[in-house]
Structure formats: structure tokens, C-alpha cells
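Student: I would like to work through this structure with you and ask, for each label that is used, what value stands behind it.
Tutor: Then let us take the residues one at a time and set each value against its cut-off.

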Amino acid sequence: MNTQTATNPAVGDAALSARPEWLDGLWLIVPTLLIVIGMMVVPLVGIVVVSFWTQTGFNIEATWTLDNYRVLFTPEGALYRILIVKSLWMSLTATIAVVLLAYPMAYFMAFRIERAKLIWIILLTVPFWTSYLLRIFAWKVILGFNGVINSGLKAVGLIDKPLEFLLYNPTSVTITLAHAWAAYAVLPIYVSLEKIDRSYLEAATDLGDSKWKRFWRITFPLSLPGTIAAILLVFIPTVGDYITPTLVGGTSGIMIGNSIVTQFGKANNAPLGAALSCIMMLAITLAVCAFLAAIGRKRLKAADL
């Protein structure tokens, strides 16, 4: 502290007040920030670096090249292009299914349950008390040739032989992903619905709005942040899922994640696998940015109206 500050305490107080407020709480996030950097940023940087290296036989050489990315634009890379588009589409389908199922459940918990809401939230998390693999195997049993659905339909005489389209195809992957990630969509939507001021709904009712009109004019717009968060929470991780397609997808239900795992494992081509990972991350980023930009433009138009 200099002489002027020591002799004039007001100068010191003014200097402290001039500091940005976020600096005061910076030390609180330092441990978490270090963990994020060490456990996520550093590995991601490593993946990007490896994607520019060269694979020679069983050895990885730190020779920089763009061949791993050029593969995607060659005839040999047609399979990867198809898998990327297919993964985005399957994830989008699963996300839409999850949100359509999760929204009514969240709405019921927010507006129809008056007491013991904590119990309902706990019941919602019950499926997560078991392993993710066990839940996938459970769906494999349900959708299998001799599973619950086929056995039930055969027992009532509706079918003579098992329905083969229930398992080992993109549909089975979409169903399994939708169930596995349902709770991740319910909770953010529920939080948004719970925060809605009920006086807005009462005012709309007094003005003569019907239940549906009140929902589309007030409830849904105010719950949109939670709905967007649910979409992102489901869409982003499901694009790169490889366990579910492996167990219930079969040859027709594989996704880009399966190809990336193959490159790192059986194919022993880590640079190509890293390049595919970077391309997939870029595709997801562009898709998410396009979605958020579309939502932003739509909300601006609604505000102008």
C-alpha cells in the first residue's frame, strides 16, 4: 500500500470498489476450474493434436498431416459421412421423443402435485439406481425375438412368429436412448415450469383464455429455457453413444461412435479415430449453434409482435 492510500483510507476503499465483482468470488471456482482443465480441456487438446499425426503400421508418428481429415471427402470416407448424418438423425429423433414424453411428466409434477414433490423426483431417478448397461440389456430382453413384447403378442394370438423389426435396428436404438435419457429432460423442464408465476395464469384465465391458449401463450414460452436445456442435455451426449448401438443396434443401427471406437481399438488407427472425433464435435457444435440461432430469431420475432 502506498503512502497516499495509507494516509487516505477513502482512496483504498475506492480502489476496492472499482474491482469487478466477479473477482471477489473467483477463488471459489478455482478448484473446479483446475479439475475441468485437467480432466476435459487437456484430453480434448490431446485428441486434436493426435488427429494431425500419422499412423504408420502399428506406430504413431508425430508427423503433421491432414490426411486423416481428407479421408472424409474421399470415396473411402463415404461410410463415415453416412454414419455422421445417421448419428445426428437418430439422436435428433431420440431427443424429440424424449422431450415429447418428458414435458407432460414435468407439467404434471409442477402443476398437479401439491405435496410430496420430492418423493416424485426421487421416483423419477429410480432407473438411475441401476447400471446403464443393465437398462440397455433390459430393453434387449423386452424387444428381443423371445422378449416380453413378442411373447405377449404370441400368447394372445396376434402374431405367429416373432417381430424381427423390434431389435437390432435404428428404431431399437432410438427407443433405448429415449428411455435412458428421459430423466435428464424431465428435471430441467420441471424446474422451468415450477418457477412460473401462477398469477400470470390466473390473469390469462380472467381475460378469457382457454387452457390451451393459456398454455401456448404463457406456460410454454416461459418454460422454453428448460426445454432448450433438456434438448441440449439429450442431443449432445446421445450423438456419440456407442454402447447402446452395440448392444441393441445390430449392423444397421451402428453410429459414428462405434466407428471411432473401432479406429482406436481393432483398427489401431488412433489419428483417424481422433480426426473423426473432432469432425463429430464440430458437427455437433454447428448443429447446436444453428438450433440456438433459430430459437433466438424466433423469440425476437415474437418480441417484435
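Student: Leaving out residues up to four places away in sequence, which residues does Thr238 touch?
Tutor: This is a predicted model, and in it Thr238, a residue of helix α14, touches Ser91, Thr95, Leu177, Trp181 and Met255.

Student: Why is Thr238 called buried?
Tutor: Buried means a relative accessible area under 20%, and Thr238 has 0%, so Thr238 counts as buried.

Student: What makes the pairing of the Thr238 side chain with the side chain of Ser91 a polar contact?
Tutor: A polar contact needs a pair of N or O atoms within 3.5 Å, one able to donate a hydrogen and the other to accept it; the two side chains make such a contact at 2.5 Å, and the value therefore meets the distance cut-off.

Student: How do you know whether Ser172 is buried or exposed?
Tutor: Ser172, which is found in helix α10, has a relative accessible area of 0%, and because the limit for buried is under 20%, Ser172 is buried. A polar atom of the Ser172 side chain lies 2.7 Å from the backbone oxygen of Val248, and, with neighbours within four places in sequence left aside, Ser172 is in contact with Leu143, Leu166, Leu167, Val248 and Gly249.

Student: Why is Arg198 called partly exposed?
Tutor: The class covers values between the buried limit of 20% and the exposed limit of 50%, and Arg198, in helix α12, has a relative accessible area of 27%, so Arg198 is partly exposed. A polar atom of the Arg198 side chain lies 3.0 Å from the backbone oxygen of Ala110, and Arg198 also touches Phe111 and Leu193, again not counting residues up to four places away in sequence.

Student: How far apart are the C-alpha atoms of Arg198 and Leu272?
Tutor: Those C-alpha atoms are separated by 54 Å, and the two residues are 74 residues apart along the chain.

Student: What makes a group of residues a nonpolar core, and which members of the largest one touch the most others?
Tutor: The members must be buried residues of the nonpolar kinds, joined through side-chain atoms within 4.5 Å; the largest such core has 36 residues, of which Ile189 and Leu193 touch the most other members. Among the elements that give two or more residues to this core are α6 (78–111), α8 (132–143) and α11 (182–194), and α6 gives the most, with nine residues. A second, separate core of 18 residues includes Tyr69, Ile84, Phe235 and Leu272.

Student: Which residues lie nearest the centre of the largest pocket, and how does its lining divide?
Tutor: The pocket holds about 850 Å³ of space and is lined by 26 residues, with Phe220, Leu224, Thr227, Ile295 and Lys298 nearest its centre.

Student: What volume does the second largest pocket have, and which element gives the most to its lining?
Tutor: Its volume is about 270 Å³; of the 15 residues that line the second largest pocket, Gly240, Ile260, Met280, Met281 and Ile284 are the closest to its centre, and α17 gives the most to the lining, with five residues. The lining of the second largest pocket divides into 10 nonpolar, four polar and one charged.

Definitions and conventions:
Residues numbered from 1 in each chain as written. Predicted model: local features only at pLDDT ≥ 70, side-chain atom pairs only at ≥ 80, totals over all residues. Heavy atoms only, no water. Buried < 20%, exposed > 50% of the residue type's maximum accessible area, 1.4 Å probe, protein only. Helix = DSSP H or I, 4+ residues; strand = E, 2+ residues; numbered from the N terminus. Contact = heavy atoms within 4.5 Å. 1 Å grid on protein atoms, 1.4 Å probe; cavity = no way out; pocket = protein on both sides within 12 Å on 5 of 7 lines; lining within 4 Å. Points joined across faces, edges and corners; volume = space filled by probe spheres on them. Nonpolar A, V, L, I, M, F, W, Y, C, P; charged D, E, K, R; others polar.
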